[in-house]
Amino acid sequence: MTFSDIFKSSFLENVAAVTVLDMVLALGLAFAVGLFIFFIYKKTYAGVMYSSSFGVTLIALTMITTLVILAVTSNVVLSLGMVGALSIVRFRAAIKEPMDIAFLFWAIAVGIVLAAGMIPLAVFGSVFIGVILLIFANHKDMSNPYIVVLTVDGHGSEQAATDFLKQNVKRCSVKSKTARKGAVELNLEIRLNDDNTDFINQLADMEGVHSAVLVSYNGDYMG
């Protein structure tokens with residue numbers, strides 16, 4: 001076949017390039033693997049606000065990628081046009097969690113591999129990735145960081161509260177401090193010795209302490 005013969009393909013020949021069985025099999029497997037990716041995403045999500053729409057997007061992205069790659073592999077002319085069309089697409093949605101990027105690439109990669117006919121690679125690769133994510137994402141670290149938000153009435157109360165915290169936690173460090181007339185607000189990162197958080201109640205009862213709030217966070221801090 002010469003280069004000119006490629007561009008003589010008729011529309012009917014393009015339609016017959018991918019059989020109905022191939023389409024059903026590829027899209028069915030894409031839906032099944034997409035559901036598996038959605039399940040792993042739901043089980044390993046560690047953010048603040050879970051978005052079910054993002055999980056559905058992972059299923060749709062797997063199937064859409066499979067559909068596009070099936071079309072591209074069936075016709076060279078269409079593949080050239082698809083590259084030009086996709087090059088002008090810009091996505092503006094903000095990715096809030098770093099792990100979301102991994103799941104997006106996972107869904108796209110599975111769609112490409114399935115459409116290329118490498119079914120064992122897509123299935124076993126997804127199972128392997130899912131198991132690894134379940135193991136590491138659900139691993140609980142006893143030294144998870146916490147933030148204590150303190151509101152005190154002055155320097156003396158601030159020093160007493162800070163000393164009390166250092167005696168009752170594994171580690172304590174000041175992340176931010178806001179001073180206003182008659183009040184000081186402190187944000188301190190701490191690491192607990194154990195699961196007991198009764199020291200917060202004692203801290204709130206100290207003289208000069210207006211409030212004490214304990215907040216768990218994922219360790220990401222800007223500043």
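**View 1. Contacts across the whole chain in this predicted model.** Take the contacts that link residues at least 6 apart in sequence: 71% of them join residues at least 24 apart. Walk along the sequence and you get α-α-α-α-α-α-α-β-α-β-β-α-β.

**View 2. Surface and interior of the protein.** The protein has 223 residues, and 29% of them are buried. Its accessible surface is about 14400 Å², with carbon and sulfur atoms accounting for 65% of that area.

**View 3. Helix α6, residues 98–115.** This helix runs for 18 residues. From first C-alpha to last it reaches 27 Å, close to the 26 Å you'd expect at 1.5 Å a residue. Look along α6 for its buried residues, among them F103, L104 and W106. The buried set also includes D100, A107, V110 and G111, and V113, L114 and A115 belong to it too. Just past the end of α6 comes G117, which adopts a positive phi of about 90°.

**View 4. S157 in helix α8.** Helix α8 covers residues 155–168, and S157 sits in it. Is this serine buried or exposed? S157 counts as buried because its relative accessibility is 12%, and the cut-off for buried is under 20%. Leaving aside residues up to four places away in sequence, S157 touches V152, E207 and G208.

Methods. Residues are numbered from 1 along each chain as its sequence is written. This is a predicted model: local features need pLDDT of at least 70, side-chain atom pairs count only at pLDDT 80 or more; totals for chains, interfaces and linings use all residues. Side-chain values use heavy atoms; hydrogens and water are left out. Helices (H or I, at least four residues) and strands (E, at least two) are DSSP runs, numbered from the N terminus. The expected span of a helix is 1.5 Å times one less than its number of residues. Buried means under 20% relative accessible area, exposed over 50%, partly exposed in between (1.4 Å probe, protein chains only). Contact means heavy atoms within 4.5 Å. Accessible areas come from the Shrake-Rupley method with a 1.4 Å probe; for residues, only the protein chains shown count as cover.
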